[in-house]
Amino acid sequence: MIVALIDSGLGMLPTGAWLRKLRPDIDLLLQMDPDGAPWGPKPEQWVIDRVLDTARASLREGAEVIVVPCNTASVTALEPLRAEVGPGIPVIGTVPAIKPAAAACRRVAVWATAATTASAYQADLITRFAGAAEVIGVACHGLADAIDRGDLPAITEAITSAAARTPADTEGIVLGCTHYPLVLESILAALPPGIRVFDSAEAVAAQTLRRMDALDRPTTGTGSLRVLASGRPAELPTAAATFDSGRLLGALPADTGEIPVAQDA
């Protein structure tokens with residue numbers, strides 16, 4: 001069974017890595033979009049059309065399950081995507097882990113892109129799931145783009161800025177962009193000790209496996225991985241080798257020298 005993951009850039013890597021850890025035999029199709037990235041600032045209909053076109057290509061490539069490990073695409077295109085592919089193809093989206101964070105912490109900050117932080121979608125999630133917790137948004141300007149480039153100095157600068165704008169009494173951080181778990185260790189290093197960090201990659205992978213198993217079809221594969229970059233056969237970008245998840249999925253650095261030191265959990 002082929003599982004397709006759709007995102008503009010490296011935000012799919014944490015979920016893909018969890019799928020590989022939990023079920024090493026799964027055949028993965030990674031659908032990246034370097035030509036259209038980043039998706040966050042694009043008009044809503046543009047994102048919908050891009051996701052639907054990518055999903056159609058995934059089905060032509062044999063995908064039987066579609067995962068959207070991207071908050072922008074999930075917010076914008078999940079319902080049109082489900083209508084497009086029909087009930088026979090499971091579609092698993094991504095939602096920031098505001099609910100579990102608010103249940104565990106009194107004061108929560110949602111780190112996300114500027115577009116997501118300003119969106120009605122995030123405001124609605126906070127209204128629905130914050131409960132008695134105080135939840136605020138912190139825009140991490142440039143962090144996702146820096147991660148896609150594997151630009152370690154820019155990553156550090158963006159994290160330092162977000163940490164400085166996070167209230168000192170914050171107890172929990174929700175990673176509201178699927179790129180951010182790739183630099184979890186750097187995020188933790190920039191925060192005061194004891195702050196809990198919540199992300200959804202493992203939960204999305206687990207839900208994907210549940211939906212796969214519910215199809216009652218053979219799921220065992222060969223553990224293959226294919227990459228399409230804006231529809232073209234490709235390899236994982238060399239920037240993916242900056243992160244543990246990328247290396248787990250087979251990304252190689254640009255040269256044979258030392259692998260960069262940035263890590264994710």
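**Sheet architecture, pocket and cavity of the predicted chain**

An open sheet of 6 strands, with the order S4-S3-S1-S2-S9-S10, shows mixed pairing; strands pair here if DSSP finds at least two bridges between them. Its edge strands are S4 (91-92) and S10, each of which pairs on one side only. The model is predicted, so that local features need pLDDT of at least 70 and side-chain atom pairs count only at pLDDT 80 or more, whereas totals for chains, interfaces and linings use all residues. Residues are numbered from 1 along each chain as its sequence is written, and side-chain values use heavy atoms, with hydrogens and water left out.

The protein chain contains 11 helices and 10 strands, both being DSSP runs numbered from the N terminus (helices: H or I, at least four residues; strands: E, at least two). The radius of gyration of the protein chain is 18 Å, close to the 18 Å that the globule rule gives for 265 residues, so the chain is as compact as a globular protein of that length. This radius is taken over C-alpha atoms, and the globule rule is 2.2 Å times the number of residues to the power 0.38. Along the principal axes, the C-alpha atoms of the protein chain fill a box of roughly 50 × 45 × 35 Å. Of the 265 residues, 51% count as buried, where buried means under 20% relative accessible area, exposed over 50% and partly exposed in between (1.4 Å probe, protein chains only).

Strand S1 (residues 2-6) is mostly covered, 5 of its 5 residues being buried. Ile2, Ala4 and Ile6 point one way from S1, Val3 and Leu5 point the other way, and all are buried. In a regular strand the side chains alternate between the two faces of the sheet. S1 pairs in the parallel sense with strand S2 (residues 27-32) over 5 bridges, and the bridge partner of Ile6 in S2 is Gln31. From S1 the chain crosses through helix H1 (residues 13-22) to S2 in a right-handed β-α-β crossover; right-handed denotes that, with the strands pointing away from the viewer, the path from the first strand over the helix to the second runs clockwise.

S1 also pairs in the parallel sense with strand S3 (residues 63-67), over 4 bridges, and Val65 of S3 is the bridge partner of Val3. S3 is joined in turn to S4 by 2 bridges, these strands running parallel, with Ile92 in S4 as the bridge partner of Val67.

The pairing of S9 with S10 is antiparallel, over 3 bridges, and Ala229 has Arg232 as its bridge partner in S10. S9 and S10 form a hairpin with 2 residues between them, and Ser230 in the turn has a positive phi of about 50°.

Beyond S10, Phe243 is placed in the loop between strand S10 (232-234) and helix H11 (244-248). Phe243 is buried, with a relative accessible area of 0%. Its C-alpha atom is separated by 9.8 Å from that of Pro181, 62 residues apart along the chain.

Grid points are joined across faces, edges and corners, and a volume is the space filled by probe spheres set on the points.

The largest pocket has a volume of about 370 Å³. Its lining comprises 25 residues, of which Pro38, Gly40, Thr113, Ala144 and Asp145 lie nearest the centre. Helices H3 (71-85), H5 (114-117) and H7 (143-149) each supply at least two residues of this lining, and H7 gives the most, with 4 residues. The lining divides into 11 nonpolar, 11 polar and 3 charged residues (nonpolar: Ala, Val, Leu, Ile, Met, Phe, Trp, Tyr, Cys and Pro; charged: Asp, Glu, Lys and Arg; polar: the others, Gly among them).

The count comes to 1 cavity of 30 Å³ or more. The largest cavity has a volume of about 80 Å³ and is lined by 15 residues, with Thr94, Thr178, Pro181, Ser200 and Ala201 nearest its centre. H1 and helix H10 (201-214) each supply at least two residues of the cavity lining, which has 7 nonpolar, 7 polar and 1 charged residues.

Terms used:
1 Å grid on protein atoms, 1.4 Å probe; cavity = no way out; pocket = protein on both sides within 12 Å on 5 of 7 lines; lining within 4 Å.
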